[in-house]
Amino acid sequence: MWMPSMMVERVVKDQMCKFSCPLLANPLVSNASIAFFSSFSSTSSNTSSQSVQSNHALIDEKDDFFGRRQSCGGIGLLRSQENDYLKSDLCSQWMPRDNCDKIESGFGRRQMVFTESSISGSFGGHFSSSENEEEFDDDEDKMEDRDGADDGFSILDSYNRKCEKNVDLVTYERDENDLRHPLVRETCRLVGLRSRWNPKLEGELRHLLRSLKPHQVCAVLHSFEDERIALNFFYWADRQWRYRHKPVVYYAMLEILSKTKLCQGARRVLQLMRRRGIPRIPEAFGYVMVSYSRAGKLRQAMQVLTLMQKAGVEPNLSVCNSAIYVLVKGNRLDKALRFLERMQIVGIAPNIVSYNCLIKGYCDIHHVKEALELIDDMPIKGCSPDKVSYYTIMGYLCKEKKIADVKELMKKMEDRNLVADMVTYSTLIHMLSKHGHSDEAVEFLKEAEKRGFQVDKIGYSAIVHSFCQEGRLDEVKEIVTEMFEKGCIPDVVTYTSVIDGFCRVGKVDQAKKMLQQMCKHGCKPNTVSYTAVLNGLCRIGKSSEAREMMNMSEEEWWTPNAITYGVLMHGFRREGKLFEACDVTKEMIMKGFFPNPVEINLLIHSLCREGRANEAQKFMEECLNKGCAVNVINFTTVIHGYCQKNDLEAALSLLDDMYLNNKHPDAVTYTVMVDALAKKDRIDEATQLAMKMLGRGILPTPVTYRTIIHRYCQNGRVEDLLNLLEKMLARQPHRSAYNQVIEKLCSFGYILDAYKLLGEVLRTASRTDAHTCHVLMESCLNRGNPLLSYRVASRMFNRNLVPDLKICKKVIKKLTLEGNSKEADNLMLRFVERGHVSPSVSL
């Protein structure tokens with residue numbers, strides 16, 4: 001029987017509701033529910049998977065003003081990993097890495113160092129790409145790349161307008177009881193098994209997820225050392241049937257991401273809140289701003305305020321403080337001051353946090369005088385400075401070792417009824433110790449004790465660590481003895497600093513004895529303590545002994561971490577024991593710790609340097625299959641290893657394999673291959689590969705130009721070189737390309753070909769062009785062709801360039817000897833006309 005399409009859709013949904021009503025409750029799924037059920041009979045997509053385990057994710061959670069949490073947002077530092085593409089063992093979708101910092105490496109390469117991941121993978125199941133595009137590409141949340149000087153300032157104009165009413169911030173207070181809860185611990189354990197993921201474990205995790213309360217889900221997110229794992233778990237949980245994150249979970253996730261460079265992930269969580277109908281308050285946008293700031297994206301951070309304005313969220317003091325802090329961290333104090341002025345115009349009164357951010361900004365640009373003036377003006381503006389205001393300036397003065405100024409500032413602080421207390425002295429001790437001024441730190445420690453304050457073990461540990469860094473172990477012994485005398489028993493941090501100090505000066509035996517003394521004094525060594533000893537052993541070439549010590553870890557009741565394995569791997573690598581280094585890396589992966597691309601590349605490079613490119617490729621493929629973050633640089637290193645062995649077929653094959661692994665070659669990869677092919681006089685293949693590079697939209701680098709010019713000139717393929725250069729310059733202009741061609745042709749003796757290109761060089765008539773002409777003149781003289789040198793000099797004069805007088809003397813002399821006196825006289829006359837030679841002086 002015929003039914004209208006609307007009726008058919010209603011009947012289908014009614015039938016489905018009998019079986020899965022909760023499924024239709026999800027607005028993202030209800031419209032595609034038929035496709036969802038039909039997908040059970042379809043085959044799964046053939047996709048790879050790779051883990052997101054961070055090796056050394058080091059977070060400083062107290063990057064704001066001296067550990068004091070203020071509403072402008074605490075910002076820490078993420079020591080990130082280098083890679084291009086990231087996948088999860090628990091997901092089946094590629095997760096592109098973007099926004100990378102760059103550091104110089106060999107071959108002129110700009111190594112890619114991880115700063116951000118647009119993580120959209122899951123722990124189980126598939127993440128629909130169509131849903132992803134629909135969810136994260138809405139017009140409201142698009143961030144335009146504009147060059148406006150005051151991005152985000154316009155949001156202040158919306159203050160006090162009829163906007164979406166702000167709700168109270170839903171925060172999660174970290175509770176140790178939640179972290180120790182059996183459900184939380186079991187959830188973390190299952191996530192930790194992601195390298196051995198299977199449907200059974202996923203089912204157990206899904207069952208646990210539905211049993212967790214919102215504050216327990218927040219505890220799970222906070223328990224991960226790697227924030228990317230927390231973000232993946234958040235995404236995975238959000239897509240589970242019969243489960244939805246509560247608002248407190250979203251804000252907990254944003255708070256975690258604000259301490260990292262995962263700005264794209266933070267923005268996606270913010271967009272997901274809108275899709276799920278979660279009220280968004282200014283603090284949520286502030287978290288995203290801070291994350292963008294950490295990633296070094298100042299403009300995008302300020303454009304978050306524009307998104308906030310489009311969302312109809314009224315700004316408050318908290319998000320304004322975040323904006324000021326972001327501008328200060330981006331070294332744009334001038335914009336921060338303008339933003340503060342706009343705040344005051346629209347009626348948002350700055351508070352102590354606002355002014356402390358500006359004080360920090362002044363200190364960052366070494367304008368201490370202006371910072372002190374701001375402190376003096378704050379009472380007039382209705383906001384008296386607090387101790388943090390003074391601590392900020394003291395931190396800068398301690399860094400510059402201006403102790404007299406610090407004491408004078410302490411006196412001014414006390415004049416404002418801000419009495420220096422133990423926190424003041426602890427702050428000074430820490431800052432002085434941090435910057436290597438341990439003697440001055442001891443002075444303040446003694447001054448604090450004279451005033452009746454008792455310095456705790458943390459302050460002593462800071463001084464001990466500073467002395468150990470300088471190798472002053474005698475002073476360390478005096479400080480530790482003083483600690484015992486005053487009843488301040490050293491803790492594991494103090495002992496570990498001493499152990500590391502012994503290892504730094506090569507006294508590993510003393511470090512081992514210190515480990516034993518720790519146990520006698522009731523202080524159990526931790527993983528950091530043992531890792532310091534292992535590092536000391538590896539430094540003195542005893543990596544095998546370090547390996548044996550790590551094998552005894554279970555008996556000693558300590559667990560090696562990623563840094564421990566990294567120390568041992570680098571130790572074996574430095575000793576040339578590459579087989580053992582590879583074994584350590586494989587064991588590291590089996591334990592759930594993944595080396596970063598830099599560590600992988602160091603080991604690959606060592607293997608290739610010994611001519612073991614085959615083993616390097618096998619090791620790289622094993623790392624890739626186990627889920628390690630292998631990137632383009634690792635592939636390029638192996639390709640270069642094959643090229644050094646003259647195994648170009650294997651190198652070309654690996655170049656093709658890069659595309660199969662979704663690792664797209666860059667300019668350095670192609671430059672290595674072109675250089676190897678041209679070196680073997682396979683110019684035609686090199687040209688094809690260079691054209692392929694241009695066809696893929698990859699721009700040549702200066703190293704690419706130098707390599708191609710050198711090899712083509714070496715083989716005398718001038719015509720091919722000029723044709724290729726024409727296409728390269730159309731894509732990426734290079735000022736000195738033809739200068740390099742002429743100089744290389746001269747070095748290989750092709751002076752006539754070089755002379756034909758002289759017109760390309762003399763177009764700009766710069767100093768660089770003059771140098772190139774001098775090289776050509778010298779080459780002509782050396783090849784016995786002074787007449788050609790004369791022609792070069794004449795063309796230089798025509799372009800208002802004065803040839804080198806010493807070279808011209810040689811040219812005139814040789815011209816005269818060969819009977820070309822007319823040209824010699826003409827060249828001398830040119831110098832006389834220019835006033836460079838007196839008419840009475842003979843050249």
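Helices (H or I, at least four residues) and strands (E, at least two) are taken here as DSSP runs, numbered from the N terminus. The structure described is a predicted model, in which local features need pLDDT of at least 70 and side-chain atom pairs count only at pLDDT 80 or more, whereas totals for chains, interfaces and linings use all residues. Residues are numbered from 1 along each chain as its sequence is written, and side-chain values use heavy atoms, with hydrogens and water left out.

## Overall composition

The protein has 44 helices and five strands. Of its 843 residues, 52% count as buried; buried means under 20% relative accessible area, exposed means over 50%, and partly exposed lies in between (1.4 Å probe, protein chains only). The protein exposes about 39,200 Å², and carbon and sulfur atoms supply 50% of that area. Accessible areas come from the Shrake-Rupley method with a 1.4 Å probe, and for residues only the protein chains shown count as cover. Contact is defined by heavy atoms within 4.5 Å. Among contacts between residues at least 6 apart in sequence, 68% join residues at least 24 apart.

## Salt bridges

A salt bridge is a side-chain nitrogen of Lys or Arg within 4 Å of a carboxyl oxygen of Asp or Glu. A search of the whole structure finds 29 of them.

| Salt bridge | N to O distance |
|---|---|
| Lys387 and Asp421 | 2.8 Å |
| Arg451 and Glu414 | 3.3 Å |
| Lys577 and Glu575 | 3.4 Å |

The side chains of Lys387 and Asp421 meet in a salt bridge. Lys387 belongs to helix H18 (residues 387-399) and Asp421 to the loop between helix H19 (403-415) and helix H20 (422-434), so this pair ties together parts that are 34 residues apart in sequence. Lys387 is partly exposed, with a relative accessible area of 21%, and Asp421 is partly exposed, with a value of 24%.

A salt bridge also links the side chains of Arg451 and Glu414. Arg451 lies in the loop between helix H21 (438-450) and helix H22 (457-469), while Glu414 lies in helix H19, so the pair ties together parts that are 37 residues apart in sequence. Arg451 counts as partly exposed at 39% relative accessibility, as does Glu414 at 28%.

In the salt bridge of Lys577 with Glu575, the closest N and O atoms are 3.4 Å apart. Lys577 is partly exposed, with a relative accessible area of 29%, and Glu575 is partly exposed, with 26%. Elsewhere, salt bridges that share partners join Asp439, Glu470, Arg472 and Glu475 into one network.

## A positive surface patch

Lys806, Lys809, Lys810 and Lys814 gather in a patch of positive charge on the surface. Patches are made of residues with over 30% relative accessible area and no salt bridge; like charges are joined within 9 Å, and nonpolar side chains (Val, Leu, Ile, Met, Phe, Trp, Tyr) within 5 Å. Lys and Arg count as positive and Asp and Glu as negative, while His and the chain ends are not counted. The place of a charge is taken as NZ of Lys, CZ of Arg, CG of Asp or CD of Glu.

## Buried helical residues

Leu515 lies in helix H25 (residues 508-520) and is buried, with a relative accessible area of 8%. Leaving aside neighbours within four places in sequence, Leu515 is in contact with Ile499, Pro525, Ser529, Tyr530, Val533 and Met549. Leu515 and Pro525 are ten residues apart in sequence, and their C-alpha atoms are 6.7 Å apart in space.

His570, in helix H28 (residues 562-574), counts as buried at 16% relative accessibility. With neighbours within four places in sequence left aside, His570 is in contact with Glu599 and Leu602.

## Positive phi in loops

Most residues other than glycine have a negative phi. Asn417 has a positive phi, near 65°. Asn417 lies in the loop between H19 and H20 and is exposed, with a relative accessible area of 69%. Phi of Asn646 is likewise positive, near 65°. Asn646 is placed in the loop between helix H32 (632-644) and helix H33 (648-660), and counts as partly exposed at 45% relative accessibility.
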